[in-house]
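Please keep the sequence and the model in view while reading.

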There are 2 protein chains.
Amino acid sequence: MCMKAKERLRKLAEEVFEQFENGENPYIEIPIRSLRNVRFDPEKGLIMMGGEKMKRYFLNVSHAKKFMQTLMVASFVKKLLDEKVTVDMRDLFYSLKIPIPGTKDNVFNEQNESDPIVEDLEVTLDLLREEMNLKADKKGAMVGDMVIVDGGDEIDLRRQGTGGWSIPSKVEQDVIQFKEHTAKFVLFVEKAAVWERLNEDKFWKKMDCLIVTGKGQPSRGIRRLLHRMRYELGLPVIVFTDADPWGYYIYSVVKQGSINLAFLSQKLGVPDAKFVGLTTQDMHKFDIPKSLGIKLTQQDIKRAQELLKYEWFKTKEWQEEINHMLKEGIKFEQQVLSNKSIRFVSETYLPTKLEQKDFLP
Amino acid sequence: MCMKAKERLRKLAEEVFEQFENGENPYIEIPIRSLRNVRFDPEKGLIMMGGEKMKRYFLNVSHAKKFMQTLMVASFVKKLLDEKVTVDMRDLFYSLKIPIPGTKDNVFNEQNESDPIVEDLEVTLDLLREEMNLKADKKGAMVGDMVIVDGGDEIDLRRQGTGGWSIPSKVEQDVIQFKEHTAKFVLFVEKAAVWERLNEDKFWKKMDCLIVTGKGQPSRGIRRLLHRMRYELGLPVIVFTDADPWGYYIYSVVKQGSINLAFLSQKLGVPDAKFVGLTTQDMHKFDIPKSLGIKLTQQDIKRAQELLKYEWFKTKEWQEEINHMLKEGIKFEQQVLSNKSIRFVSETYLPTKLEQKDFLP
């Protein structure tokens, strides 16, 4: 992993150096990350980046500073990999908030300058930032029928108490290894409170699965972990969110990726993920009083109408669900199931839907 | 723990029942939680609630609904304790979003009605909500020289990989027990990224301590855990935040409690906690370029001036620090130390300050 990253950094540096030596105007070729270069690939089921690239030149007044910044970040990352140390984006920024020799200016003055340079490097070198020893905030937790190795420590995910194992931001193979497991699938749960309910009821034991929570929109680390479990272990990924446009969008990000991080879809996406609920149509199936719903806001309605138009929500089932939500004018939170009884979610709702494979695609 | 809670709930119910039987107008006596009933107790070093109480009557048009709600919540909590099940505040709300017999109204229509009733019960019965099997969001992580028991599972905090043990919202003795430990103190770290740096460098091993992060303002669970480690294990608590008014306030909440939760100060506060940094004066001690600071905003300045007036910041040392910040016009983030070198925080800054006991009171 680390060798691959070093190799690509070296190649980048060598190319630039060669251009210098040949008396050419050195440049770096960077794939374009803007919306116009993003599209949905129906075959792959992923939001993907197109092939457009731009050249960033050294001898160009409007490029020169960014060219220098790109090489400074690349060189800093090389140092991280050599020293086997992991830092976050803020550390990287502070480490390079240093004067440019012979000027009064700094390499970076604000983090919003250094963040995009890291993304440029990710897409140029086809590396995750985590593979470059850069990390984001950690978020989320997991328990279930599996033993993993995390930074050399063996961790039994069946014995993680009430809190669970917290998912680090870097979950690449060199840090996290899957050991034995008997789990049959992975359940991703939007709300931490619902995850805690499932953990307290040992849902993962009864259903032989892993349960993961993202506390809202999942971090890159969580998405990468879901992706790895799907492709390295062959475990189906099933998603459980609120019945509202924001919950549906969380599902969509887990499944086909996001526009922002389109260049990572193949590393983070799980195109055959399934959606178990909550749906607004569940109110009929499970006899949930409409009065427990929350009235859609203008923002909800606008977002739902946007979702209807996304290519990847154009299946019959999703159009029905979103239109049903708009017709009824309400949304439901996952916790609404507590109204039936505290353990309804773990004893009735999820087992029923999972058994009947009552999923949205 | 659970017996104590049940006992007090029973007593509350019996008192109300007796008043009914005696033909009196039944009432519940509830300590007042507003600012006018809160003061700083310099002897205890805690923000405490005063002795003012109010009576909530059944036969009073403006009290009747709240009286009913209070008893409904008490009865629901009794059920939770009987069934040994833990839920969050949202679950409680949904469980009681049920019609009042003979009316078209619900017991609760919005969660902002049920939350204060829970706080009323906490203060009336002198119980933490966690003791009533109600929980808040979990947040934060811990690693270090200790083995704990969490929900029956033995967890070795020395072998928690990169993510650490995630601290649950309920950390009472019936869920979390401390087993063997060799730690000499507890370091609370504001930023998760800095905590991860310390974890990666095995700082807790080198310094023989526990490291806890709260990801900003610590949750009740984290504060309760710090309190328990201080009083059950005798471990000093040392706090490490950004050098800005918000970081200082985090310290103050850990130490003397908050106005909001003044009724819990004695269960959550650690009045002899110490502040290791970051301070703006560290820029001189550790030769941190002023250019790495961030200019104070109007909001920062206003907040700093408020802090200067809090009784518990009136020590010479804190007045000096806050005035120094205002004079220089800058604040520093914890990650600023990365500019010296990535491991500066774990190899130089913290060891130096801890060794010299260079703390603010």
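At what angle do helix H11 and helix H12 of chain A pack, and how far apart are their axes?

## Helices H11 and H12

In this predicted model, helix H11 of chain A, residues 298-309, packs against helix H12 of chain A, residues 316-328, at an angle of about 160°, and their axes are 10 Å apart. Because angles over 145 degrees count as roughly antiparallel, H11(A) is described as roughly antiparallel to H12(A). The crossing in which H11(A) passes H12(A) is left-handed.

On the side of H11(A), the contact is made by A:Ile301, A:Ala304, A:Leu307 and A:Leu308, while H12(A) contributes A:Gln319, A:Ile322, A:Met325 and A:Leu326. Sorted by class, the contact of H11(A) with H12(A) has seven nonpolar residues, one polar residue and no charged residues.

## Helices H2 and H4

Another pair of helices in chain A is formed by helix H2, residues 64-83, and H4(A), whose axes come within 10 Å and cross at roughly 75°. H2(A) and H4(A) are therefore roughly perpendicular to each other.

The residues that make this contact are A:Gln69, A:Thr70, A:Val73 and A:Ala74 of H2(A), together with A:Ser114, A:Ile117, A:Val118, A:Asp120 and A:Leu121 of H4(A). By class, the contact of H2(A) with H4(A) has five nonpolar, three polar and one charged residues.

## The two domains of chain A

Chain A is divided into domain 1, which covers 2-135, and domain 2, which covers 141-355. Taken over C-alpha atoms, the centres of domain 1 and domain 2 of chain A are separated by 33 Å. The contact between them takes 19 residues from domain 1 of chain A and 18 residues from domain 2 of chain A.

On the side of domain 1 of chain A that touches domain 2, the elements that give two or more residues are strand E2 (38-41), strand E3 (46-49) and helix H4 (111-125) of chain A. The largest share of that side comes from E3(A), with four residues. The residues of this side of domain 1 of chain A divide into 11 nonpolar, two polar and six charged.

## Chain A against chain B

Which elements of chain A give two or more residues to the side that touches chain B? They are strand E5 (87-88), helix H3 (89-95), strand E9 (153-156), strand E10 (165-166) and helix H5 (192-200) of chain A, within a contact that takes 37 residues from chain A and 38 residues from chain B. H3(A) gives the most to this side of chain A, with four residues, and the residues of the side divide into 14 nonpolar, 12 polar and 11 charged.

Chain A can be laid on chain B with an RMSD of 0.0 Å by a turn of 180° and a shift of 0.1 Å along the axis. The two copies are thus related as by a two-fold rotation axis. The same surface serves both copies, since 100% of the contact residues of chain A recur in chain B.

## Backbone details

Most residues other than glycine have a negative phi, and most peptide bonds are trans. In chain A, the peptide bond from A:Gly277 to A:Leu278 is cis, with omega near -10°, and A:Leu278 is found in the loop between strand E15 (274-277) and helix H10 (282-285) of chain A. In chain B, the peptide bond from B:Gly277 to B:Leu278 is cis, with omega near -10°.

B:Asp287, a residue other than glycine, has a positive phi, near 55°. The place of B:Asp287 is in the loop between H10 and strand E16 (294-295) of chain B.

Conventions
Residues are numbered from 1 along each chain as its sequence is written. Chains are lettered from A and ligands numbered from 1 in the order in which they are written. This is a predicted model: local features need pLDDT of at least 70, side-chain atom pairs count only at pLDDT 80 or more; totals for chains, interfaces and linings use all residues. Axes are lines fitted to C-alpha atoms, for helices over the stretch in contact, and angles run from 0 to 180 degrees between N-to-C directions. Angles under 35 degrees count as roughly parallel, over 145 as roughly antiparallel, 65 to 115 as roughly perpendicular and the rest as oblique. A crossing is left-handed if the near helix is turned anticlockwise from the far one by less than a right angle, and right-handed if clockwise. Two residues are in contact if their C-beta atoms, placed from the backbone, lie within 7 Å. Ala, Val, Leu, Ile, Met, Phe, Trp, Tyr, Cys and Pro count as nonpolar, Asp, Glu, Lys and Arg as charged, and the others, Gly among them, as polar. Domain bounds come from an automatic or database domain assignment. Copies are superposed by least squares on the C-alpha atoms of residues with pLDDT of at least 70 in both.
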